[in-house]
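Subject: Handover of a structure

Dear colleague,

Please find below the structure that I am passing to you.

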Amino acid sequence: VLDLLPGAGPWEVELGFGKGRYLLRRAAAEPSCRFLGVERAARYFRLTVERARRRGIGNLLALRGDALFLLTAVLPRCFARAVHVYFPDPWPKTRHHRRRLFHPETLDLVVGLLEPGGLLHFASDHPEYGPLVAELLRGYPAVEVKELLDGWEDGPRTNYEAKYLRAGRPIVRLVATRTAPDPLPLHSQGRDGVLTAYDSADGSLR
Ligand SMILES: C[S@@+](CC[C@H](N)C(=O)[O-])C[C@H]1O[C@@H](n2cnc3c(N)ncnc32)[C@H](O)[C@@H]1O
C-alpha cells in the first residue's frame, strides 16, 4: 500500500488523525518526508483530504479504515521513523477494551510500524487510559519511554489537544523509542489472549 505514494523520504504515521490539524501542518512543513494518516470516520477523512488538495500537499497518503484492521492485515512493519497517536478513543467499558489501540494484545502492532530507533508520540486526556498507556509502555521491553512532557515544543498539536488545554484538563503526553528489532514480542499481559498452543505430545497448553 505504501507504493501508492512513491518516493524516497522517510515515513511518519498518524493513527486517528481527526480533522487533520497536525498531519496537514507537518506534511506541509516537511515536503521531503512522507506522511501516512489513518482515520475511520468518513467525515473527518473527507475534510482532511479536501484540505490537503486545496493546500497542494503531495506527500500525504490518507487511508480511511479501522486502524486495527490496517495494522493487522495491510500495513507493512518497521517502515516509519515516527508514529503519532493523539487522544485515541479510550473505550472506557471493560467489554470494549479490546477495541483500544493501546491494549496488551495490540501494542506490538502499533509499535511494529516503527523502525528500530523510531519514536512513538502519544497524548491523552483520559484520566484512566492516559496513565494506563504510560504504564503499559513502561512494562513492554520493546520500547523505552523517553519522557513525559508538560507540552510539545510546537504547542498543542491537534484539535482535541487545543480544546482540552483551554478546558484546563490534565494531559498525559509521552515519547517512547522502539528499541527491539523484529519480530516484536507480545506484551506479557496480552500473550495469553492472542495465542495459546495445545501440544498434543503431552496434552499441555502454552
Ligand atoms: C478523540 S478523536 C482525536 C482526533 C485527533 N487525533 C485529535 O487529537 O484531535 C479520535 C479519532 O480517532 C479516530 N479513531 C478511533 N478509533 C479508530 C480506529 N480504530 N481506526 C481509525 N481511526 C480511529 C476517530 O474517528 C477520531 O477521529
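Which residue in β7 is the bridge partner of Leu149? In β7, Leu149 is bridged to Arg173.

Before the remaining findings, a note on the basis. The model is predicted, so local features need pLDDT of at least 70 and side-chain atom pairs count only at pLDDT 80 or more, while totals for chains, interfaces and linings use all residues. Residues are numbered from 1 along each chain as its sequence is written, and side-chain values use heavy atoms, with hydrogens and water left out.

The sheet

Seven strands form an open sheet with mixed pairing, in the order β3-β2-β1-β4-β5-β7-β6. Strands (E, at least two residues) and helices (H or I, at least four) are DSSP runs numbered from the N terminus, and two strands pair if DSSP finds at least two bridges between them. At the edges are β3 (60-64) and β6 (143-149), each of which pairs on one side only. From one strand to the next, the twist averages 15 degrees; axes are lines fitted to C-alpha atoms, for helices over the stretch in contact, and angles run from 0 to 180 degrees between N-to-C directions.

Strand β1 (residues 11-15) runs parallel to β4 (residues 80-86), joined by four bridges. Within this pair, Glu12 stands opposite Ala82 in β4. Helix α2 (residues 42-54) packs on the sheet, where it touches β2 (34-39) and β3, and its direction makes about 160 degrees with that of β3. Contact here means heavy atoms within 4.5 Å.

His121 has Val175 in β7 as its bridge partner. Six of the seven residues of β7 are buried, where buried means under 20% relative accessible area, exposed over 50% and partly exposed in between (1.4 Å probe, protein chains only).

In helix α6 (residues 159-166), the buried residues are Glu161, Ala162 and Tyr164. They pack against α1 (21-29) and β7 (172-178). After α6 comes Gly168, with a positive phi near 75 degrees.

Cysteines

A search of the whole structure gives zero disulfides, a disulfide being a pair of cysteine sulfur atoms within 2.5 Å. The sulfur of Cys33 is too far for a bond because the closest cysteine sulfur, in Cys78, is 19 Å away. Cys33 counts as buried because its relative accessibility is 4%, and Cys78 counts as partly exposed at 26%.

With kind regards
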